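Please work through the following exercises on aromatic contacts and backbone geometry, with the structure in view.

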Amino acid sequence: KVACLIDTSGSCVSDVEKFMSELNALVSSFGDYSMMVYECDTEIKNITHYDNSNPFPINDVSKMRLHGGGGSDFRPAFDKICEDLSNDGDAYNVIVAFTDGYIDVPKYNNTDKDIIWVLTNDGRKPCDYGTAIQFND
């Protein structure tokens, strides 16, 4: 059970294909999965649930149209994740955030879940919490 935040702000437009490729690799690593994908710029633009009955489009990732293109703020997505977790504490095991790191985030990890920041090769970790992994082009 994973929540994936995709930074769809203007600064990440050229990185979205890499983000989706990594999501593809993540999904391909597991047999059963439940994944909520949050597309965010200054607000949540779209939320899509993928699982075995509604699979992530592994073979058509390049054809996916993501929503966004504005500024950068993950706080609404974190608020929604906290809401989901308050309704079901097991809604997610981990949060994976794909971004360049030039984005507003909560001052502290208010989700109580592990967060993995997957950063562009020129990105920066946006806060003190979570684990950062950087693309190496």
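The exercises below each consist of a task and a worked solution.

This is a predicted model, in which local features need pLDDT of at least 70, side-chain atom pairs count only at pLDDT 80 or more, and totals for chains, interfaces and linings use all residues. Residues are numbered from 1 along each chain as its sequence is written, and side-chain values use heavy atoms, with hydrogens and water left out.

**Exercise 1.** Determine how phenylalanine 19 and phenylalanine 98 are arranged as an aromatic pair.

Solution. Rings of Phe, Tyr and Trp (its six-membered ring) pair if their centres lie within 6.5 Å; planes under 30 degrees apart count as stacked, over 60 as edge-to-face and the rest as tilted. A search of the whole structure finds 4 aromatic pairs. In one of them, phenylalanine 19 and phenylalanine 98 lie 5.7 Å centre to centre with 50 degrees between the planes, a tilted arrangement. The partners are 79 residues apart, with phenylalanine 19 in helix 1 (residues 16-28) and phenylalanine 98 in strand 4 (residues 94-99). Helices (H or I, at least four residues) and strands (E, at least two) are DSSP runs, numbered from the N terminus.

**Exercise 2.** Classify the pair of phenylalanine 19 and phenylalanine 135.

**Exercise 3.** Is aspartate 112 buried or exposed?

Solution. Buried means under 20% relative accessible area, exposed over 50%, partly exposed in between (1.4 Å probe, protein chains only). Aspartate 112 has 73% relative accessibility and therefore counts as exposed. Its phi is near 65 degrees, a positive value in a residue other than glycine.
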